[in-house]
Amino acid sequence: MDLMNIVFRQHLDMFVIVFIDNILIYSRTENEHIDHLKIVLQILKDQHLYAKDRLTSARMLTLSEGTNGFVVYYDPSRIGLRCILMKNGKVIAYASRQLKIHGKNYPTHDLELATFVFSIKIWRHYIYRVHVDAFTDYKSFQYL
């Protein structure tokens with residue numbers, strides 16, 4: 001992580017955020033995003049750090065507009081909690097959190113619920129007084 005922060009120091013928090021092995025590029029327009037993506041890929045190439053296929057094919061984040069409903073997809077694992085906030089088929093935000101040592105002992109039911117609560121807490125400003133559909137692959141929460 002320190003290596004990536006050093007590599008992207010010039011652009012960090014302007015249009016790039018680095019977290020462990022993830023590089024988030026954010027832009028206001030599609031053309032601006034293409035320019036930012038070219039800069040990031042060139043830096044990686046110059047440093048001989050080659051990108052994964054998903055980096056070049058992932059959808060870009062969009063800004064939320066309007067007050068119609070959101071969709072939250074969440075999926076915990078034994079390593080951490082992950083969730084995605086979407087609206088009109090476009091990704092608005094990603095969130096993840098690593099589990100603490102004692103969290104790795106939780107049963108699947110508790111991890112699913114913890115991920116759901118985690119997503120509500122961090123995106124409460126988006127989903128307050130708005131219809132939200134939440135999706136998971138865990139059958140016990142199908143009717144929550």
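# Getting to know this predicted model

At 15% relative accessibility, S27 counts as buried; that word means under 20% relative accessible area, while exposed means over 50% and partly exposed covers what is in between (1.4 Å probe, protein chains only). You'll find S27 in the loop between β2 and α2 (30–46). Helices (H or I, at least four residues) and strands (E, at least two) are DSSP runs, numbered from the N terminus.

A quick word on the ground rules. This is a predicted model, where local features need pLDDT of at least 70, side-chain atom pairs count only at pLDDT 80 or more, and totals for chains, interfaces and linings use all residues. Residues are numbered from 1 along each chain as its sequence is written, and side-chain values use heavy atoms, with hydrogens and water left out.

## The whole chain

The chain has 5 helices and 6 strands. Walk along from the N terminus and the elements come in the order α-β-β-α-α-β-β-β-α-α-β. Of the 144 residues in the chain, 30% are buried. As for contacts (heavy atoms within 4.5 Å), take those between residues at least 6 apart in sequence: 52% of them join residues at least 24 apart.

What does S27 touch, not counting residues up to four places away in sequence? The list is E32, H33 and H36. Two histidines on that list also share polar contacts with S27. Such a contact is a pair of N or O atoms within 3.5 Å; within protein, one must be able to donate a hydrogen and the other to accept it, and residues adjacent in sequence count only if both atoms are side-chain atoms. The side chains of S27 and H36 are joined at 2.8 Å, and those of S27 and H33 at 3.3 Å.

Strand β1 (residues 16–19) pairs with β2 in the antiparallel sense, over 4 bridges; two strands pair if DSSP finds at least two bridges between them. I23 turns up again here, as the bridge partner of V18.

## Two cores

A nonpolar core is a set of buried Ala, Val, Leu, Ile, Met, Phe, Trp, Tyr and Cys residues joined through side-chain atoms within 4.5 Å. The largest one here has 15 residues, and F70, C83, L85 and W123 have the most contacts inside it. Elements giving two or more residues to this core are β3 (70–76), β4 (80–87), β5 (90–98) and α4 (108–122). Apart from this core lies another of 12 residues, with M4, V7, F8 and L44 among them.

Which residues does W123 contact, once neighbours within four places in sequence are left aside? They are V72, C83, I84, L85, A93, Y94 and A95. C83 also gives a handy distance: its C-alpha atom is 9.7 Å from that of T136, and the two residues are 53 apart along the chain. T136 itself lies in the segment after β6 (132–135).

A pair of aromatic rings is described by the distance of the centres and the angle of the planes. Rings of Phe, Tyr and Trp (its six-membered ring) pair if their centres lie within 6.5 Å; planes under 30 degrees apart count as stacked, over 60 as edge-to-face and the rest as tilted. Searching the whole structure turns up 3 aromatic pairs. One of them joins Y73 and F135: the centres are 5.2 Å apart and the planes at 20 degrees, so this pair is stacked. Y73 belongs to strand β3 and F135 to strand β6, so the pair ties together parts 62 residues apart in sequence. Y74 and F116 form a tilted pair, at 5.5 Å centre to centre with 50 degrees between the planes. Because Y74 sits in strand β3 and F116 in helix α4, this pair links parts 42 residues apart in sequence.

Leaving aside neighbours within four places in sequence, T115 contacts Y74, D75, P76, L81 and R82.

| Residue | Relative accessibility | Class |
|---|---|---|
| T115 | 0% | buried |
| Y74 | 4% | buried |
| F116 | 21% | partly exposed |
| T136 | 25% | partly exposed |
| Y73 | 37% | partly exposed |
| F135 | 41% | partly exposed |
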